[in-house]
Amino acid sequence: MTFVGVSVLLDFVSSLAVLGLLVVGFSALAPSLTYKWFSAPLLGVFFALVVGLQMSMPLSPTDGVIVDMRNVPIVLAGAFLGLRGLLICLVISIAFRAGLGGVGTMPGIIGMLIAGGVGYAWSLAQPLLKFGDIGKLGVLGLLVNLHMLSAFTAPPQIVEWYFAQAAPTIFLLNMICVPALGWLMLRTQYLVAHQAQLAASAHVDPITRLLTTNAFAREVAHFHSADAQRRVQGMVAVTLKNAAWLDKTWGETATVQALGALRVRLSEMFHDNRPLGADGQQRVLIPVTVSEMQDLRPLRHALRRLASDMPISLNGDVEVPLSVLVETVSFRNPDNPDETLKDIRRSASVRRSAGAKQGPAPRPAGRDIDMSTPAGVCSATLRRLFDETDAQLQRVARQS
């Protein structure tokens with residue numbers, strides 16, 4: 001008896017360890033569930049694989065009783081992955097169960113459908129439940145046992161055996177595993193939501209020190225209202241055209257460093273404390289007054305010279321010139337930060353669609369290196385040295 005007890009305990013711990021993979025996978029992809037379409041289906045596949053593992057390692061707490069925890073991943077998929085993730089999980093899990101065959105195939109499939117439906121219904125009703133997290137998960141643990149009703153589709157002798165021998169063990173396992181794993185996933189959801197709130201409430205990018213779009217829109221309204229000479233009519237968006245080259249040649253922090261350097265130079269260029277922001281397209285946002293909007297040529301020329309005539313220093317001693325694209329955006333109502341945000345997002349979407357239609361920009365004429373790469377030197381290093389030499393020659397030509 002002692003040996004049997006230890007064996008059952010080890011089997012139960014092994015099943016719990018496999019179910020713990022659900023939490024690990026969910027924690028890894030939970031931050032991307034809201035904005036990456038493939039995250040939920042990918043998690044659905046992962047949850048279904050855990051279902052297959054559970055069916056391949058059943059528990060036998062007493063002689064003649066064999067149970068597994070296949071419906072735990074399914075109910076959690078319905079509760080936390082949404083409809084797409086649940087459907088993917090159900091399709092693969094049902095295929096696994098159908099492949100095993102046997103007299104319990106149809107009851108097993110119906111039980112999976114009930115468990116998935118219960119989990120999804122719980123996710124929809126969760127905001128309406130007047131309980132704490134533990135109470136809500138306790139309700140989920142109770143409701144998942146409805147999948148045992150599928151046993152009534154089996155022959156009568158199997159129904160009698162199931163409710164007399166297996167059902168109590170399955171009920172106990174569901175009440176232990178579903179609330180415990182659900183609590184861990186719920187904590188992950190709360191953590192992701194909290195991090196999203198912190199990011200949304202941030203006013204300044206911690207690296208470039210440029211205002212976020214929300215803060216920029218608010219500061220534009222303040223700048224617009226502070227003085228009649230500062231009436232804002234729109235903005236210019238300064239985009240680094242060589243951002244991809246900077247990242248490829250100098251590392252992922254090169255573009256961020258260039259944007260930070262532009263912020264410092266722009267702050268010195270404008271002496272009216274105008275706000276400087278940045279959006280998700282790596283554009284520096286600069287508000288433009290009514291008088292400046294009447295003739296933008298001096299401002300555009302100054303911005304281009306600010307970037308190209310003053311290289312930034314990378315790796316301490318290498319000066320790299322910048323190339324920028326200057327775009328103009330009009331604001332319909334600078335007093336209203338929400339309208340300003342819409343204008344910024346609209347310009348960003350237009351920029352993305354235009355970039356997708358144009359495809360990758362062609363290389364500038366005369367920039368190809370017509371030579372073989374020396375041994376021991378990578379092509380990126382050779383091109384970087386070529387660009388540095390070319391930029392130095394241009395500076396010498398201008399000075400002379």
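In these legends a residue is called buried when its relative accessible area is under 20%, exposed when this area is over 50%, and partly exposed in between, with a 1.4 Å probe and only protein chains taken into account. The structure is a predicted model, in which local features need pLDDT of at least 70 and side-chain atom pairs count only at pLDDT 80 or more, while totals for chains, interfaces and linings use all residues. Residues are numbered from 1 along each chain as its sequence is written, and side-chain values use heavy atoms, with hydrogens and water left out.

**View 1. The chain as a whole has 14 helices and 6 strands.** Helices (H or I, at least four residues) and strands (E, at least two) are DSSP runs that are numbered from the N terminus. Of the 400 residues of the chain, 40% count as buried. The accessible surface, calculated by the Shrake-Rupley method with a 1.4 Å probe and, for residues, with only the protein chains shown counting as cover, comes to about 21500 Å², and 62% of it belongs to carbon and sulfur atoms. When contacts (heavy atoms within 4.5 Å) are taken between residues at least 6 apart in sequence, 68% of them join residues at least 24 apart.

**View 2. Helix α12 spans residues 297-308 and has a buried side.** The helix has 12 residues and reaches 16 Å from its first C-alpha to its last, close to the 16 Å expected at 1.5 Å a residue, where the expected span is 1.5 Å times one less than the number of residues. Within α12, L299, L303, L306 and A307 are buried. These residues cover an arc of only 90° around the axis, which puts them on the same side of α12; the arc is that of the directions from the helix axis to the C-beta atoms. The buried residues of α12 pack against β1 (232-240), α10 (254-269), β3 (283-289) and β6 (324-330), whereas R297 and P298, on the other side of the helix, are exposed.

**View 3. R297 of α12 also meets D295 in a salt bridge.** A salt bridge is a side-chain nitrogen of Lys or Arg within 4 Å of a carboxyl oxygen of Asp or Glu, and in this pair the distance from N to O is 3.1 Å. R297 has a relative accessible area of 63%, while D295, at 36%, counts as partly exposed.

**View 4. A salt bridge joins R187 and D133.** The closest N and O atoms of R187 and D133 are 2.3 Å apart. R187 lies in helix α7 and D133 in helix α6, so the pair ties together parts that are 54 residues apart in sequence. R187 is partly exposed, at 33% relative accessible area, but D133 is buried, at 19%.

**View 5. R332 and D343 form a salt bridge.** Their closest N and O atoms are 3.0 Å apart. R332 lies in the loop between β6 and α13 (337-358), and D343 lies in helix α13, 11 residues apart. R332 is exposed, with 51% relative accessibility, whereas D343 is buried, with a relative accessible area of 4%. Salt bridges that share partners join R332, E339, K342, D343 and R346 into one network.

**View 6. L143, L146, L149, F152 and F163 make a nonpolar surface patch of about 450 Å².** L146 lies in the loop between α6 (133-143) and α7 (156-201), and this residue is partly exposed, with a relative accessible area of 39%. Patches are made of residues with over 30% relative accessible area and no salt bridge, like charges being joined within 9 Å and nonpolar side chains (Val, Leu, Ile, Met, Phe, Trp, Tyr) within 5 Å.
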